[in-house]
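Hi everyone, thanks for making time for this. I'd like to walk you through a few residues, so please have a look at the picture first.

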Amino acid sequence: MSLPIGPVFALGASPDGGSAWLQLVPFVLVLGIFYFIILLPMKRKQQKVQEFLDSLKDNDRVITTGGIHGHIAKIDGDKVHLQVADKVRIIVSKAAIGGYQGQPPVVESTSQT
């Protein structure tokens with residue numbers, strides 16, 4: 001059993017023909033809402049994280065996104081030498097630094113627990 005599709009499309013058309021610009025308005029509104037609700041806050045969050053990572057300096061007490069506490073012994077480009085105990089240093093990516101110790105994290109952890 002097949003249904004004629006032509007009358008279904010005819011129901012969607014306005015009797016006076018309607019302007020193509022008028023049909024574009026809802027699409028533009030959805031894009032605007034998407035931008036202001038999703039894209040703009042995400043861009044601001046990325047900018048905040050980048051400013052945090054750029055402001056890191058030696059002897060800052062930090063925590064990684066994996067939960068390792070320590071203080072920065074040396075910053076070498078995109079690598080951070082993190083001292084976690086006496087004479088114990090590990091090298092982590094700069095992007096793995098989640099925030100300062102005792103403060104809320106700047107970088108959200110992406111691990112699934």
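Let's start with Leu82, which counts as buried because its relative accessibility is 0%, and buried means under 20%. Please keep in mind that this is a predicted model. Where does Leu82 lie? You'll find Leu82 in strand 3, which covers residues 79-85.

Now, who are its partners? If we set aside the neighbours within four places in sequence, Leu82 is in contact with several residues, including Val62, Ile68, Ile72, Val88 and Ile90. His71 is in that group of contacts too. Along the sequence, Leu82 and His71 are 11 residues apart, while their C-alpha atoms are 5.6 Å apart in space.

Next, the aromatic rings. How many aromatic pairs does a search of the whole structure find? The search finds 2. One of them is formed by Tyr35 and Phe36, edge-to-face, with 5.2 Å from centre to centre and 80 degrees between the planes. Tyr35 is partly exposed, at 35% relative accessibility, and Phe36 is exposed, with a relative accessible area of 58%.

Phe52 and Tyr100 form an aromatic pair as well, and this one is edge-to-face at 5.1 Å centre to centre, with 85 degrees between the planes. Which parts of the chain does this pair link? Phe52 sits in helix 2 (residues 20-54) and Tyr100 in strand 5 (residues 97-100), so the pair joins distant parts of the chain, 48 residues apart. Is Phe52 buried or exposed? Phe52 counts as buried, at 6% relative accessibility, whereas Tyr100 is partly exposed, with a relative accessible area of 23%.

Technical notes. Residues numbered from 1 in each chain as written. Predicted model: local features only at pLDDT ≥ 70, side-chain atom pairs only at ≥ 80, totals over all residues. Heavy atoms only, no water. Helix = DSSP H or I, 4+ residues; strand = E, 2+ residues; numbered from the N terminus. Buried < 20%, exposed > 50% of the residue type's maximum accessible area, 1.4 Å probe, protein only. Contact = heavy atoms within 4.5 Å. Phe/Tyr/Trp six-rings, centres within 6.5 Å; stacked < 30°, edge-to-face > 60°.
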